[in-house]
Amino acid sequence: MSSPKIWTHKGTFLLAAVGSAVGLGNLWRFPYLTGENGGGAFILIYALTITLVGIPILIAESLLGRASRKSPIMGMQYLTKSHNTSRGWRAIGWMGAFAAFIILSFYSVIAGWAIHYAGLMFSGSMVGADADTISQSFGALLASPGLLLIYHTLFILASGLIVGLGIHKGIESGLRFMMPALFVILMIVLGYGIIAGDAGAAMRFLFTFNLSDLSLEGWLQAMGQSFFTLSLGMGAIMAYGAYMSSEASLTRTAISIAFVDTAIALLAGIAIFSLVFGSGLEASQGPGLMFVTLPIAFSELPAGWLIGGVFFILVIGAALTSAISLVEPVAAYLVERFGMSRPVAVGIMIVLCWLLGLLTVFSFNIWSEDSFSHQLFGRSPFDVLEFITNIMMPLGGLLIALFAGWALSRKEVMREMSTNENWFHIWQFLVRFVAPTAVAFVFLRTIPQIDG
Ligand code: PFF
Ligand code: NA
């Protein structure tokens with residue numbers, strides 16, 4: 001047996017997990033969900049679900065990875081065998097791999113939009129354009145399957161290339177270069193947003209809450225977003241955790257990941273809403289916030305094309321560091337289970353995801369709202385894929401919490417956690433009772449939507 005593969009440094013897991021966590025969820029989804037759900041009220045419940053549900057499951061998922069030192073599917077086989085527990089728990093590994101396919105397939109298409117917008121910004125073609133032209137150009141992009149396909153292909157190839165180079169030469173080196181660069185860009189865009197936009201209005205919007213704005217819908221969205229933003233429940237964190245140094249602290253690392261991820265979502269929110277409000281635009285624009293409202297703001301501002309272009313580079317880079325964490329668990333499984341070479345395993349994963357991505361590509365044109373198939377099924381394939389992941393991520397998280405909380409022996413958990421008794425008891429209470437209750441609550445509300 002060869003010795004298990006480990007990251008080069010004690011802190012690399014933190015870097016890799018932050019790379020996975022920080023992505024479209026922070027820059028694209030968090031700001032528009034906040035806009036749709038009343039600003040501060042949403043942020044308050046989001047912070048609560050991150051703390052009480054997100055962090056404990058993050059600890060549990062990295063623990064499962066490190067305790068098994070295998071890819072999620074093989075790791076769950078190993079853990080169920082060595083603990084003599086039900087084989088049913090192996091579903092955690094399989095469901096994670098399945099969900100990783102689905103998420104990567106649409107994540108890549110949306111990241112592709114950012115490639116298009118980086119080009120539009122740098123070419124200067126948006127300078128001084130009016131709002132109608134800009135929103136029509138987004139419509140034109142979505143209407144073109146050819147363009148969407150080119151960007152989707154480019155993006156998924158780039159993620160495959162990085163993972164194909166291996167966990168050290170590809171993932172680690174890539175992250176060591178990209179993460180600091182992304183942070184610098186975020187600071188530039190934030191500084192620009194504060195100077196050129198209305199930071200006061202942005203802060204008021206994000207940090208003052210009306211308790212009357214708290215809606216049940218908001219709770220559900222916040223819970224779903226907590227899983228998505230922390231990359232939970234789909235094997236990404238487990239796969240990276242398998243390479244984690246035995247010396248690193250699980251609790252401290254998980255808290256740091258959640259803190260950085262939340263801080264970046266908030267900083268991105270401040271930057272985006274400063275620009276949006278500074279240009280007299282509205283917050284609640286849905287998914288078009290990044291691709292319509294924000295470009296309108298950039299088109300009017302001095303050097304907006306440059307900062308706008310740099311901003312979309314940030315979006316592409318952040319999405320790339322997340323996408324690679326979706327390729328890794330499946331590729332590592334194929335290598336471990338079938339002895340494939342890494343490039344072949346990665347090739348299989350990305351070709352399948354590329355094909356599945358066609359469903360999303362066509363959802364915005366051939367199968368969009370007024371098409372026959374849309375009328376037939378009442379929703380686009382993209383809506384269906386998103387809906388499936390909205391179920392699978394919390395379900396995966398729920399099973400991870402239950403497995404780590406109830407099936408693993410206290411001895412094993414204590415060995416991995418090496419923390420004091422009090423923290424252990426708090427964590428155990430959260431994964432045994434609080435997180436499962438919260439997730440069950442989401443399901444009771446989400447499942448009835450299947451027929452609606
Ligand atoms: N956490 C990523 C984001 O916020 O954009 C999305 C994601 C990446 C989800 C990897 C799940 C995952 F396994
Ligand atoms: Na995130």
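What follows is a chat about the fold, the ligand shell and a few residues of this predicted model.

Reader: Hi! Let's start with the overall fold. How many helices and strands are there?
Author: Hello! The chain has 19 helices and zero strands.

Reader: And what radius of gyration does the chain have?
Author: The chain has 21 Å. A compact globule with 452 residues would have a radius of gyration near 22 Å, so the value agrees with that. The C-alpha atoms fill a box of roughly 65 × 50 × 45 Å along the principal axes.

Reader: Nice. What share of the residues count as buried?
Author: Of the 452 residues, 52% are counted as buried.

Reader: What about contacts between residues at least 6 apart in sequence, how many join residues at least 24 apart?
Author: That comes to 85% of those contacts.

Reader: Okay, over to the ligand. How many residues surround ligand 1, and which are the closest?
Author: Ligand 1 has 15 residues around it, and the closest are Gly23, Gly25, Ser231, Ala236 and Ser322. Two or more residues of the shell come from each of α1 (12–21), α2 (24–36), α10 (216–229) and α14.

Reader: How does that shell divide into nonpolar, polar and charged?
Author: The shell around ligand 1 has seven nonpolar residues, eight polar and no charged ones.

Reader: Switching to the core: which residues touch the most other members of the largest nonpolar core?
Author: Leu58, Ala319 and Val327 do, in a core of 155 residues.

Reader: And what does Val327 touch, beyond four places away in sequence?
Author: Val327 touches Leu104, Ser159, Gly160, Val163, Val346, Met349 and Ile350.

Reader: Now Gly170. Where is it found, and is it buried or exposed?
Author: Gly170 is in helix α8. It is buried because 20 other C-beta atoms lie within 10 Å, and 20 or more is what buried takes.

Reader: Which residues does Gly170 touch, beyond four places in sequence?
Author: Gly170 touches Ile162, Val163, Gly164 and Leu165. Its C-alpha atom is separated by 9.7 Å from that of Ile324, 154 residues apart along the chain.

Reader: What is Arg432 in contact with, leaving aside neighbours within four places?
Author: Gly405 and Trp406 are in contact with Arg432. As for Ala111, 321 residues apart from Arg432 along the chain, the two C-alpha atoms are separated by 36 Å.

Reader: Great, thanks!
Author: You're welcome!

Key. Residues numbered from 1 in each chain as written. Chains lettered and ligands numbered in written order. Predicted model: local features only at pLDDT ≥ 70, side-chain atom pairs only at ≥ 80, totals over all residues. Near = placed C-beta within 6 Å. Helix = DSSP H or I, 4+ residues; strand = E, 2+ residues; numbered from the N terminus. Nonpolar A, V, L, I, M, F, W, Y, C, P; charged D, E, K, R; others polar. Rg over C-alpha atoms; globule rule 2.2 N^0.38 Å. Buried ≥ 20, exposed ≤ 12 C-beta atoms within 10 Å, placed from the backbone. Contact = placed C-beta atoms within 7 Å. Core = buried A, V, L, I, M, F, W, Y, C linked by C-beta atoms within 7 Å.
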